[in-house]
Amino acid sequence: MVVTVKLSKVTKTFKKGKRNVEVLRGVDLVVERGACMGVLGPSGTGKTTLMRIIAGLEVPSSGEVYFDDKLVSTSNRIIVPPENRNIGMVFQSWALYPNMKAYDNIAFAVKNKGEETRKKIEEIAELLDILHVLDRYPRELSGGQQQRVALARALAKDPSILVLDEPFSNLDARIRDSARALVKKVQKEFGVTALVVSHDPADIFSVADVAGVLLDGNFAQVGSPLELYDSPVSARVARLVGEINELDGVVEGGKLRVLRGVVERRDCQDGNVKVGIRPEDLRVSETEVQGMISLGKVRAKVSSYTGSSFRLVVSPLEEEKVELYVNSDRPMPINSEAVLLAKPEKIKVFKNN
Amino acid sequence: MSEFGPTVKAFLHQLILAIFVVIWLIPIYAMVINGLKSEFDVTSTPVFIPPLHPSLTAFAAVWSQLDVPLLNSVIVVIPVSLVATFIGAMAAYYFYLLSVSKRRSLNFMSNTIFSLIALATFMPYQAVIIPLTRIEANWGLLNTYGGAIFAFILFYIPTAALLMSMFMAVLPRDIIDAARIDGSGDLRTFFRIVVPLTIPGIISTLIFNVIEMWNNFFIPLVLFNVAKQTLIPVAVESFTGGYGTLYNESFAAAFLASIIPLLIFIFLGRYFIRGLVTLGTGGKGAV
């Protein structure tokens, strides 16, 4: 039975020596039935603690956790222990049982061991392309195969919720994308509620329908991955979700001035602000381009090729210390000059803090 | 060492190993050859020279004295070490669970009981032998298997728990968490995951317990007062008399008494080594 997971004002305080460390500060969260929620955050912001509280491996200091309408954890008390929560979990280390073959690892979680279970495990193994390694021990499997065995183990018991803790961080970059696609596919196919925790925005963007950015023990922003990328609420969120150039700007009478450019911004209050522009929203050109505004002349410092596009580091002529990253479809000779253009609607303005 | 070639290096390694093997084998060699000597030869020939006319007379003579104590020792030591190791392993797993628990009360409990166990392990059993003997006398357990079993269980379960705790400490926490999430209760997790992963530790603990109990002289000395019904270390000691010692029979008796621990070590020794390695390398030996 797939469930909706709801957290209400969950806090968690750890004692570190004499000091109390507040890891989670009143987290509210709803993961709808069948949805895949991604939790993004730098290390030490309570991602893993949040996940362990949902799994029942950790007790919340206060607040409640519900699976559908059923209270499973409350202040300092676990009401439904982890073994009865029917959770499928993929650990960062995968935590396969080293003394059991892949098949037994998967079957360990399944209550009845009949022919039906065997068929089901083989179906899942087929889907995850591990059918031919079911009789091997974890130490005889590659990293990707171990991860898929861990995923199969989590899925085989028809979990109410699937929890994935940094599931791709131990994989080679080469197979990471196919692993992400596979997780997305099985999550949708099984229709299971899922929670993916990661510090890598690429994991979240490729798997999650909804994503939350966890900063300092609470969600700084929750929304679709695209929303987080395009309309981040703060510079920290913007930085965490993807690469961004940060500049100082001034708003005066509905106009934002940044470098040598001026953009209409009626939604901002007057004063000094932080301006964020992603590298793909910038361009260097000799001439003006329709729909883009000029930020002034720049000089190229570095020009490198990154697979499909060129990556430039440029500095404004009059401000050598400022460096901006630009994604470009052509290279630029070092020390040559050009005009820096930006898409005005993509320029992000944050409060100066 | 760099001026030596790899062959010379390997030869030196082997040579050093061989020297150590010889040193370790000397007592066993002496026990065997002197046991095969006659009463006259054993006092008139050097201890490391084999007899000219080996005979089994001494072995035959002591066997009639040692057969019952040897059987007694097997009956008491083997089951007790199995039970003590098993209960010790369970206790150690319980401590492991308490120690990873975030509840402060459980943590406190774990530390307290663990300290008590350490105390029980390191307390000299001689210090409590008198109250123990009184208790056993009251219960009519003197000169019985039950009495020896009770005493050994009492003294060696804490030792086993302490030893096993060291092996448990290297269990990866994620694996235990994974088992919980997979709906496995503590008992199932213990038998299906903890035991297989700590086999080298369990066998090391078992060997340690067997050898410690087998060689324990003081407890059977106090708890048994009929020479023929005691355990093997006391029986062996009885060949050293107050007025003279039959050296050939003493050697033969000592050899017979050490056969069982020797066999256990020969067959299970590699697990013992692996167990020690596990402790040293953070759990790699367990897989």
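**Sheets, core and contacts**

Modeller: In this predicted model, chain A has an open sheet of 6 strands in the order 7-8-9-3-10-11, with mixed pairing.

Biologist: Which strands stand at the edges there?

Modeller: The edges are taken by strand 7 and strand 11 (218-223) of chain A, and each has a single partner strand, so one side of each is left without a neighbour in the sheet. From one strand to the next, the twist averages 20°.

Biologist: And in what sense do strand 3 and strand 10 of chain A pair, parallel or antiparallel?

Modeller: Strand 3 (residues 36-40) and strand 10 (residues 210-215) of chain A pair in the parallel sense, over 4 bridges. Within that part of the sheet, Gly38(A) has Ala211(A) of strand 10 as its bridge partner.

Biologist: What does helix 4 of chain A lie across?

Modeller: Helix 4 (residues 143-156) of chain A lies across strand 7 and strand 8 (161-165) of chain A, and its direction makes an angle of about 175° with strand 7 of chain A.

Biologist: Okay, what about the sheet with the order 2-1-4-5-6?

Modeller: That is an open sheet of 5 strands in chain A, and its pairing is antiparallel. Its edge strands, strand 2 (19-31) and strand 6 (77-78) of chain A, each pair on one side only. Strand 1 (residues 5-16) of chain A joins strand 2 of chain A over 9 bridges in the antiparallel sense, and Lys6(A) stands opposite Val30(A) of strand 2 there.

Biologist: Stepping back, how many helices and strands does chain A have?

Modeller: Chain A has 8 helices and 21 strands, and its C-alpha atoms fill a box of roughly 75 × 45 × 40 Å along the principal axes. Of its 353 residues, 40% count as buried, and among contacts between residues at least 6 apart in sequence, 64% join residues at least 24 apart.

Biologist: How is chain A divided into domains?

Modeller: The domain assignment gives domain 1 (5-239) and domain 2 (246-351), and the centres of these two domains of chain A, taken over C-alpha atoms, are separated by 38 Å. As for contacts, 4 residues of domain 1 of chain A meet 5 residues of domain 2 of chain A, and the domain 1 side consists of 3 nonpolar residues and 1 polar residue, with no charged ones.

Biologist: Which residues have the most contacts inside the largest nonpolar core?

Modeller: Those are Ala152(A), Val163(A) and Leu195(A), in a core of 160 residues. Helix 3 (residues 57-100) of chain B gives the most to this core, with 15 residues, while domain 1 and domain 2 of chain A each supply at least three. Leaving aside residues up to four places away in sequence, Ala152(A) touches Ile106(A), Ile124(A), Ala125(A), Leu128(A) and Ile130(A).

Biologist: Now the chain contacts: how many residues of chain A are in contact with chain B?

Modeller: There are 17 residues of chain A in contact with 16 of chain B, and the chain A side divides into 12 nonpolar, 2 polar and 3 charged residues.

Biologist: What do the buried residues of helix 7 of chain B pack against?

Modeller: They pack against helix 1 (47-55) and strand 7 (87-90) of chain A, together with helix 8 (186-197) of chain B. The buried residues of helix 7 (residues 173-181) of chain B include Ile175(B), Ile176(B) and Arg180(B), and the helix is followed by Gly183(B), whose phi is positive, near 85°.

Conventions: Residues numbered from 1 in each chain as written. Chains lettered and ligands numbered in written order. Predicted model: local features only at pLDDT ≥ 70, side-chain atom pairs only at ≥ 80, totals over all residues. Contact = placed C-beta atoms within 7 Å. Nonpolar A, V, L, I, M, F, W, Y, C, P; charged D, E, K, R; others polar. Buried ≥ 20, exposed ≤ 12 C-beta atoms within 10 Å, placed from the backbone. Helix = DSSP H or I, 4+ residues; strand = E, 2+ residues; numbered from the N terminus. Domains from an automatic or database assignment. Pairing = 2+ DSSP bridges. Core = buried A, V, L, I, M, F, W, Y, C linked by C-beta atoms within 7 Å. Axes fitted to C-alpha atoms, helices over the stretch in contact; angles between N-to-C directions.
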